[in-house]
Amino acid sequence: MNWYDTVFEVIDTRSFSNLWYWIALAVLWSSVSHWVLGVPFDMIIRARREDEGEAMTDLQDLVRINVNRILYVAEVSGTWAILFGSAAVTALGLMAVFYNVEIAQAVLLLAGPLALLGALSHRTSRIIRTSGVQGSALIQQLMRHRFATQMIGVVAIFITAMFGMYQNLHVGTLSF
């Protein structure tokens, strides 16, 4: 047995059995659910407690800036972003399903739900701009968006965990 085989037997480089993949998954969904349309969640809570004043003004300004930024990017390059994004997700899907490339499966399970979240963020931004919500109605809209984000995250983590366990049992040392 050579040195190369020994190292890769001890340090497993597969995606679903790698601790760093699961840490990245946890950090990804933790940070995505903390930043609601680019606004930190603690800022939303502080504005909800004060109901009026500087915290609410800061929240409304930051939401306005981020909503305008999201909608501007969608208007200027939305078609190209959807085109290249769907091509990338399709390529990952083909490699993951038909060729059983484990890294493609892992990246697809990270990127697929984020694409759905991008569409949700665009929809919420459009609703906020067209309805012109302010104050407690704005906070309620942001809380609904955060709840939907967390539900997408829960489902994504569950599916990723189930598929990862299946892969580890199927491909791993037990080989069921």
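A contact is a pair of heavy atoms within 4.5 Å. In the protein chain, 74% of the contacts with a separation of 6 or more join residues 24 or more positions apart. This is a predicted model, in which local features need pLDDT of at least 70 and side-chain atom pairs count only at pLDDT 80 or more, while totals for chains, interfaces and linings use all residues. Residues are numbered from 1 along each chain as its sequence is written, and side-chain values use heavy atoms, leaving out hydrogens and water.

**Overall form**
- The protein chain has six helices and two strands, taken as DSSP runs (helices H or I, at least four residues; strands E, at least two) numbered from the N terminus.
- Their order along the sequence is α-α-β-β-α-α-α-α.
- The C-alpha trace spans about 70 × 35 × 30 Å along its principal axes.
- Of the 176 residues, 32% count as buried, meaning under 20% relative accessible area, with exposed over 50% and partly exposed in between (1.4 Å probe, protein chains only).

**Helix 3**
- Helix 3 (residues 41–50) has F41, M43, I44, I45 and A47 as its buried residues.
- The cover over these buried residues includes helix 2 (19–34), strand 1 (35–36), strand 2 (39–40), helix 4 and helix 6 (135–171).
- After helix 3 comes D51, with a positive phi near 65 degrees.

**Helix 4**
- V97 lies in helix 4 (residues 54–97).
- V97 is exposed, at a relative accessible area of 57%.
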